[in-house]
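Biologist: I am new to this structure and would like to go through it with you step by step. Could you show it to me before we begin?

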Amino acid sequence: EVRFAADAELSRRTAELAASHAAAAEAAASQIESLAVEMERSETRVAALVEELERFGEEREAAEREADAEREAELARRLEEQAEAHALAIAECLIRERVGRAEALDEIRLKLNGVKEAYDVNGAALRKSHAGVKMSLAVFALQSKVSNGDPFHEELRAVAAVASNAMGADDPGRALVDAVVGSIPEAVARSGVPTAGRLRDRLDDVRRAARRLSLVPETGGGIVAHLVAYLASWLRMSEPGSGWGTAGGGNNTTDGGVEAAVAAARASVASDRLDAAAAALEEGTEGTAAARAVAGWVADARERQRLEMAMSVLRSHAAAAAASLA
């Protein structure tokens, strides 16, 4: 019986030990599984963190680029303000210098000719000096706008206002300025006139448009005439040695017509003879639908020529007024 009881106790303890081992193994497996899940979550969080860091880095770079652009814009604005301030300072220095010179002359005249005569001469000289400086500044501002092809309505009005306020009604200079200002249409002043450089750049577009319409009658001719003209233009532009579509195509004048007209216009523009360029295009497209294609360029070229002549008169007048004060 004792041996039987010992065997039973051994069996029981063996079973308990096996059960304990099984429970421990199950608990370990559960912990391992939990640890695997936690590791997977950690990897997900790390990936999300990396992505967030990359996004933050990109946003930081974009912010830095934007800040750099803003700093550059601010620097450009400050430089422009400094340039304007320097220009105003120079103008004020010129005015002060001339005023000082007039005052020095006043003292001499006061000693030689008396108080009344000296003050009269001084007042007239000072007004004339101010008028000359104002006219020079107004013409300079107008020339700047005209040279860039920008609208110059306000600057033109400023020149007219200076002439009206600073010159007498019987002053020949005022009549000259009024005539020049009056010769410039208000619509032209509000829209501006293309520069010679822009007109030269537009010649290629004008050439292509005029080339396609050069075989169409001025009265139209219908869609068939336009199609035939376009095909003929394309074939002629594709011919070897025609010059069109190459870098030197604009200088070929052997074919006559539109080609010669555009080449002559280009040469005239290069020598600052816009009126001759406009006349060449008009003559080369006369009687064809291409005349409509070049009409806008011709009008702009002639307007630029007239504007340049007007500006030449105004510059000469301002220079003569300034020279008379020296």
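Modeller: Helices here (H or I, at least four residues) and strands (E, at least two) are DSSP runs, numbered from the N terminus. This is a predicted model, in which local features need pLDDT of at least 70, side-chain atom pairs count only at pLDDT 80 or more, and totals for chains, interfaces and linings use all residues. Residues are numbered from 1 along each chain as its sequence is written, and side-chain values use heavy atoms, with hydrogens and water left out.

Biologist: In what do the side chains of arginine 174 and aspartate 178 meet, and at what N to O distance?

Modeller: In general, side chains of opposite charge can pair when their charged atoms come close. The rule for a salt bridge asks for a side-chain nitrogen of Lys or Arg within 4 Å of a carboxyl oxygen of Asp or Glu. Arginine 174 and aspartate 178 meet in such a salt bridge, with an N to O distance of 3.7 Å.

Biologist: Is aspartate 178 buried or exposed, or partly exposed?

Modeller: Buried means under 20% relative accessible area, exposed means over 50%, and partly exposed lies in between (1.4 Å probe, protein chains only). Arginine 174, with 21%, is partly exposed. Aspartate 178 has a relative accessible area of 35%, so this residue counts as partly exposed.

Biologist: How many helices and strands are there in the protein chain?

Modeller: From the N terminus on, the elements run α-α-α-α-α-α-α-α-α-α. The count for the protein chain is therefore ten helices and zero strands.

Biologist: How far apart are the closest N and O atoms of arginine 12 and glutamate 16?

Modeller: Arginine 12 and glutamate 16 both lie in helix α1, four residues apart. Arginine 12 is partly exposed at 39% relative accessibility, and glutamate 16 is partly exposed at 44%. They form a salt bridge whose closest N and O atoms are apart by 2.6 Å.

Biologist: What is the count of salt bridges by this rule?

Modeller: Some salt bridges are linked in a network, formed by Glu74, Arg77, Arg78 and Glu81. By the rule given above, the count of salt bridges comes to 21.

Biologist: Where is aspartate 272 found, and what is its phi near?

Modeller: Aspartate 272 is found in the loop between α8 (257-270) and α9 (274-285). Aspartate 272 is exposed, because its relative accessible area is 59%. Its phi is positive, in a residue other than glycine, and is near 60°.

Biologist: What share of the 326 residues in the protein chain do buried residues make up?

Modeller: The accessible surface of the protein chain (Shrake-Rupley method with a 1.4 Å probe; for residues, only the protein chains shown count as cover) comes to about 20900 Å², of which 58% belongs to carbon and sulfur atoms. Of the 326 residues in the protein chain, buried residues make up 27%.
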